[in-house]
Amino acid sequence: MSRFLLTRLALLVPTLLGVLIVTFLLLYVAPGDPVQAMVGERADPETIARLRAELHLDDPLPTQFVRYVGGVVRGDLGTSYITHRQILDDLLHRFPATLQLAGAAMLFAALTGISVGIYGSWRPGGFVDRASALGAYLGVSFPVYWVGLLLILVFAVTFRWLPPSGARGPLYLILPALALGMRSVAFLSRMTRAAMQEVLQSDYVRTARAKGLGEGRVVLRHAFRNALLPVVTVLGLDFGSYLTGSILTETIFSWPGVGRYVLTAIEKRDLPAVQGSILFLSLVFVLVNLVTDMVYARVDPRVAYD
Amino acid sequence: MRLPTGPAIPLLRRSLLSGLLLLGACAVGDAPRGAGLQYYESADPASLDPALSSDVQSGEMVALLFDNLVRFDVDAKLEPGLARRWESDSSGTVYTFHLRTDARFHDGRRIDARAVRASLLRALDPASKSGRQWPLFPIEGAREYASGKSARVPGIHVPDDSTIVFTLTEPLNIFPKLLAMPVAAVVPGAPPPGFGQAPVGSGPWRFVSWSHDDAIVLARNPAYWGGAPKADSLVVRIIPEALTQGAEYETGNLSVVEIPFGETQRWEMARPQELQHRPALRDLFIAMNTTRGPLRDVRVRRALNLGTDVATLLRTQMAGRGVRAAGAIPPGIVGYDSTRAPYPWDTAGARRLLREAGYPNGFSVRLWRSQRAELARVAQSVQQDLGLLGIRVEIVERDAPSVRATVRNGEADLYLGDWWADYPDPENFTYPLFHSSNKGTGGNYAFLSDSSLDAMIIRARSTPDTLEKERLSRAIDARVFDLAPWIFLWFPIDIWAVQPDVKGWRIPAVFTGQRWIGVERVR
């Protein structure tokens, strides 16, 4: 296991280097000029030329790349062209908010999705099962911005139960977490149900029942544990994507996370901020995947990496 | 054992509901209310350092936190700031400002003429990395100083503690207005690194805290020379989504909110008594690149104006929120001529002009626009209208930086965009937009080059005679209308909602014009 971990960690370096190269090239070919965004609507050519020179934007691309990688190796993601603040500081400042939202959304999704899935597989064709199928269908069909606005309209504007947006405490977390987690609820419930149905047909479940075990013990201990692998996969992937910023949810609910930071950076062609964010978020994503793989081994002893 | 069925579900639902109710009760109780005011920005300001403020959000915050020598009131009238009065000499190149002596920074330091000079030099210093120095470039030596070619600015002179004298490179009657812009706001000497994150100003509001993408908290400056603000605090939330801004207002969490164009009718039905209207100092237009293809011919450009049914578009798609434009100078600005009729919708006339110009069967053009929802309807409507003339318009929709780069490089045939006043003066709607020296990046997106127009624009910005300036500005606008470098659309009307318990707030005519000093909540 430790060898596996070391190998995977070593593989991070080429992965992130690849990410760096691709981002760098993409930003280079994308239209739009960072200096034009810095100077605003009205500018004179002299100022633009001076800023281009100061930012080394006229250097050959390989030179710019080597300079950037040199900084990254020293742990320096550079300074934003627009805000003149350290990019790493800005990302670290926003990441806790993203972590909170992603955690709350996953908690909601896991609790709801898995219980509905288990219940549905245990009583296939029952009311809960059919309702959850419809719910899952709607859950993946409605775009998050529509659901988000609807939630605000119903729970904040009409009933005044919850605040519409912002990040001033646990109450503010509820609506964005519901909006963000909804798609995962749908996936998880269907995934759990399918995996459970298969397991519930198996011989050892029949044996467990034959031994006279209680139904709760059969379903939750014997069956569910074996149905957990695909569920962990969905959990890991969704958590990874939530952690790398949920631009729409964060925008609608004025949530101060990394997604909005990336969006602003792209809109203003703040090149070092875009590069730094993508690098940072790639690292987060790869690490979450690594953790997911390790959870596999924990869940199923047959999965051995060495 | 069986899993709980039946009654467990309603029970669960009941407890969930009561839980939500409980949470809801807390939420309402916790909402920040009282003597404080709540405003918002749709994006996190780039910085609170005046030298770095190139976006509207930064500019608005700088106006709350800092003082300039002069400033705009809510109606965009130039009024005294740190300077009690000012005058220019007969040549129009020397401006003398007399400072008030009772102004202090929030840390207690006095503001004198030396501090003002140091602050302006700092904004010009290449080390400050400011991208917005052009308002100071008319000062003699400023341009050279900013480019590092010179170590001093001879055009700024401080004869005594309360007097500062500017010498300009050429006569420029808008110079005092340029000093009201955010980049000219006065900062205390030698600001530390990170000043833009936690600034010390002298304005009506004192900086308290800034949580990025969340909120900026300001407290009243009780010692403000212009009278302390009536409210204790002003919280500026960062709320990017327009519909969320509306929801925050409706739940009482914002003192004011701007009504988006698509929401006009809903708000006019639901809360008419809370709405304020104000014609914005803003142009909405389609710039035609006068150096590309058929658009080089003025007859073609006039034909495009005649072929666009602006009145119907404005009425049906924009809820009538605009004043038809017959030129570029908006109402409320000297030089606006309400008697000049806009181009009528006249497809027969348009076809005749196209025939004369040699395009009886039309031609193909590309119309560039950014992704703002407001612009989508306009672009589609114009595409349909021009299609009737045989002009095939391909709409190219990209993010703002891509559109900006294409338009400024002169690669777009048509560009649907808008122009906001930086300062209320006809110069702001003529020199950047149509003078040949400003093609592309400067604001002249039509790449118009007309020597008689150039001459009039320069005369209008240099004459010290206000009547002459007004006459010239009218003539310039008439000439622009005639040359038709744009499809003239309209001057939009701003609509804001103001909470019934918020008194003293009005829509500012320019973005720096509302300092929230006289605004209060009345229970």
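Chain A is divided into domain 1 (34-76) and domain 2 (91-299), with bounds from an automatic or database domain assignment. This is a predicted model, where local features need pLDDT of at least 70, side-chain atom pairs count only at pLDDT 80 or more, and totals for chains, interfaces and linings use all residues. Residues are numbered from 1 along each chain as its sequence is written, chains are lettered from A and ligands numbered from 1 in the order in which they are written, and side-chain values use heavy atoms, with hydrogens and water left out.

First, the two domains. Five residues of domain 1 of chain A are in contact with seven residues of domain 2 of chain A; contact means heavy atoms within 4.5 Å. Between these domains the count of salt bridges is zero. A salt bridge is a side-chain nitrogen of Lys or Arg within 4 Å of a carboxyl oxygen of Asp or Glu.

Over all chains, though, the structure holds 50 salt bridges. One of them joins Asp293(A) and Arg8(A), with the closest N and O atoms 2.6 Å apart. Asp293(A) lies in helix 13 (residues 271-299) of chain A and Arg8(A) in helix 1 (residues 2-29) of chain A, so the pair ties together parts 285 residues apart in sequence. Helices here are DSSP runs (H or I, at least four residues), numbered from the N terminus.

Is Asp293(A) buried or exposed? At 17% relative accessibility, Asp293(A) counts as buried, while Arg8(A), at 24%, is partly exposed. Buried means under 20% relative accessible area, exposed over 50%, and partly exposed in between (1.4 Å probe, protein chains only).

Methods
Helices (H or I, at least four residues) and strands (E, at least two) are DSSP runs, numbered from the N terminus.
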